[in-house]
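Please examine the sequence and the structure shown here. The briefing that follows sets out selected features by topic.

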Amino acid sequence: MEQQEYINLENFDREYGLADLFPPDLAAGLLRGLADHMAVFILREDGRPYFGKPQNPRHFLEMYKSAGRGSQKTGVCLKVAGRLTAVYPLSHEMETIGWLVFQENEGAPSIDVGVAAEFAATAFNRVIHLKYRDLLTSGLHGQVVEESYNRLKEKARQLQRSETRYRMLAQNLELEVERKTAEIRDTQLMMLHQEKLASVGQLAAGVAHEINNPIGFIISNLNTLGASAEDLSSLLARYAGLVDVWLNLDGEDNIPQEVLDEIANINRLKQKLDIEFIVEDSQALVAESLDGAERIKDIVQNLREFTHPSVKTQETVDLNQCLDTTLTILSGQIGNAVQVKKRYGDIPPVQCFLREINQLFFNVIMNALQAVGSSGEIIISTAAQNNGEVEIIISDTGCGIREEHLAFVFDPFFTTREVGRGIGLGLYVAHNIAQKHNGRIDVKSAEGGGSEFRIRLPHV
C-alpha cells in the first residue's frame, strides 16, 4: 500500500484579521438594506472604524465593557443619547476581531435593534468562519499543488523508467489474450462439431430405421423369387427333356409311350408347383421390391438434400419441402404414440442457405420430440405474413419450459436435459441461423403446458 502523505499545517498557522475574513465590500453588500432603518457600524478590535463613520467609536467599546459582559462574548443593548444601541462582537477562533454596532435612527421606522443586531452578528460570525475555511483551503491547495507537482515530476521519471517494462508486459498480455481467444474459439468449434456429430448420429439412426424396413421385405422377396426360380428351372428341365425325346423319334407317326409318360410327369409337376401362382406372385414381388427400392431412393434423396453442402450463394427454396425433408430424416425418432400434424399454408419461396435452414428445422423439431417423449403431439404450421415474412410455428404438448429458464434457452451450452442428451447447442445454433438470414425465433412456453417456437424469415 502506498504510504499516506500528510500536509504540513505549520505554513498555515497564521493570524487572519478582520479585513481578511470580512472584507469591506462584503460588509457593504450585507448591510446595505439596513441603512434606512438604523445606523450601522463595524469597528476594529481596538475600536477604530472599519465600516461606517461613527462620531465617537471608542465610546461604544467603553459602553460594552461597562456593561460587565465583555468576557462572555455576547452583545449588549443600551440607551446612548436617547437612542437604543446594540453592540455585538465579531469573533474568529474564540477571539474578538471586531465589533458590530446597530443604533436606531431618530424618526426612522420602528425596528427591534437588539434582535436585528443579534441576528446579523450570528450571520456575520458564520460568514467569517466560512471565509476562514476558504482561505485555509486556498492555502492548503497552493501547498498541495506545489508538493504534488514535485511528486508528479518524480513519478514521471519513474514512469519513464518503467515504460519499456510495461510495454513488454502489454505485448505479452496481448499475445496471451490472442492465445486464450484461439483456445476458446477452438473449444467452441469442437463443441459445435460434437453437436453436429450428435445430429449425424441421430440422422444415421433414423435413416437406418427407415431403410431397414424396405430392405427387409426386398430381401424376403428376393429369397422367394430365388425359390420360385428353382421351381421354374426344374419345370424347364422337364420341358427340355421332352423336347429331346421328341427329336429322337425319327419321324415316327405315333407318339411313343415314353413321351406320353414325360408329358404326364410335367403336368403333375406344374400342378405341384402351382406355376400360375408363381408367375402372379413373382410379378407382385417384383413390384413390391421396386416400391421398396423407390422408398430407399427417396430416403437417400432426402438425406442428400438435408446434408446439402454449403454454398457461398443463397438458394430459392420451398420451406414446406424443407420441413417434409426434415421430418423424413427424423421419422426414426418419432415414436408410435407421437402424432405429427402438418398445417402448411401457401407460402412464397425463401432465399436462404438450404443446409442451414434444414439444420434450423432439425434442431427445433428434435427439441420438440425430446419434449414430448414417447407420446404427445407436434403441430407444424406455415403461413405468409403481410410484412414480407414467412412464419413457421412448431408447437408441442411436451413438458414445457420453466419461466426462469425462458430467457436462457438460446444461450450456448444451456440445457435442462440429463447428461448424454445434448450439450445445449441445438437451439443456440437455430437462433444464430435465423439471425443470419435476417429472421428471428421466439419461444412461448409454460412448465407442463408445452412449448411454441415461432420462426420468421423474410421471403422473396
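In this predicted model, five strands form an open sheet with mixed pairing, in the order β7-β9-β10-β12-β11. Its edge strands, β7 (337–343) and β11 (440–445), each pair on one side only. On average, neighbouring strands of the sheet are turned by 15° against each other, direction ignored.

**Strand pairing**
- Strands of a sheet pair through backbone hydrogen bonds, in either a parallel or an antiparallel manner.
- Strands β10 (residues 389–396) and β12 (residues 451–458) run antiparallel and are joined by eight bridges.
- Asp396 stands opposite Ser451 in β12.

**Aromatic pairs and a charge over a ring**
- The protein has three aromatic pairs.
- One of them is tilted, because the rings of Phe22 and Phe124 have their centres 4.9 Å apart and their planes at 40°.
- Phe22 lies in the loop between α1 (18–21) and α2 (24–31) and Phe124 in helix α4 (residues 113–247), so this pair ties together parts 102 residues apart in sequence.
- Phe22 counts as buried because its relative accessibility is 0%, and Phe124 counts as buried at 6%.
- Phe410 and Phe453 form an edge-to-face pair, with 6.4 Å from centre to centre and 80° between the planes.
- Phe410 lies in the loop between β10 and α9 (426–436) and Phe453 in strand β12, so the pair ties together parts 43 residues apart in sequence.
- Both Phe410 and Phe453 are buried.
- Lys436 lies over the face of Phe353, at 4.8 Å from the ring centre.

**The protein as a whole**
- The protein has nine helices and 12 strands.
- Of its 460 residues, 34% count as buried.
- The protein exposes about 28,100 Å², of which carbon and sulfur atoms supply 53%.

Terms used. Residues are numbered from 1 along each chain as its sequence is written. This is a predicted model: local features need pLDDT of at least 70, side-chain atom pairs count only at pLDDT 80 or more; totals for chains, interfaces and linings use all residues. Side-chain values use heavy atoms; hydrogens and water are left out. Two strands pair if DSSP finds at least two bridges between them. Helices (H or I, at least four residues) and strands (E, at least two) are DSSP runs, numbered from the N terminus. Axes are lines fitted to C-alpha atoms, for helices over the stretch in contact, and angles run from 0 to 180 degrees between N-to-C directions. Buried means under 20% relative accessible area, exposed over 50%, partly exposed in between (1.4 Å probe, protein chains only). Accessible areas come from the Shrake-Rupley method with a 1.4 Å probe; for residues, only the protein chains shown count as cover. Rings of Phe, Tyr and Trp (its six-membered ring) pair if their centres lie within 6.5 Å; planes under 30 degrees apart count as stacked, over 60 as edge-to-face and the rest as tilted. A charge sits over a ring if NZ of Lys or CZ of Arg is within 6 Å of the ring centre and within 35 degrees of the ring normal.
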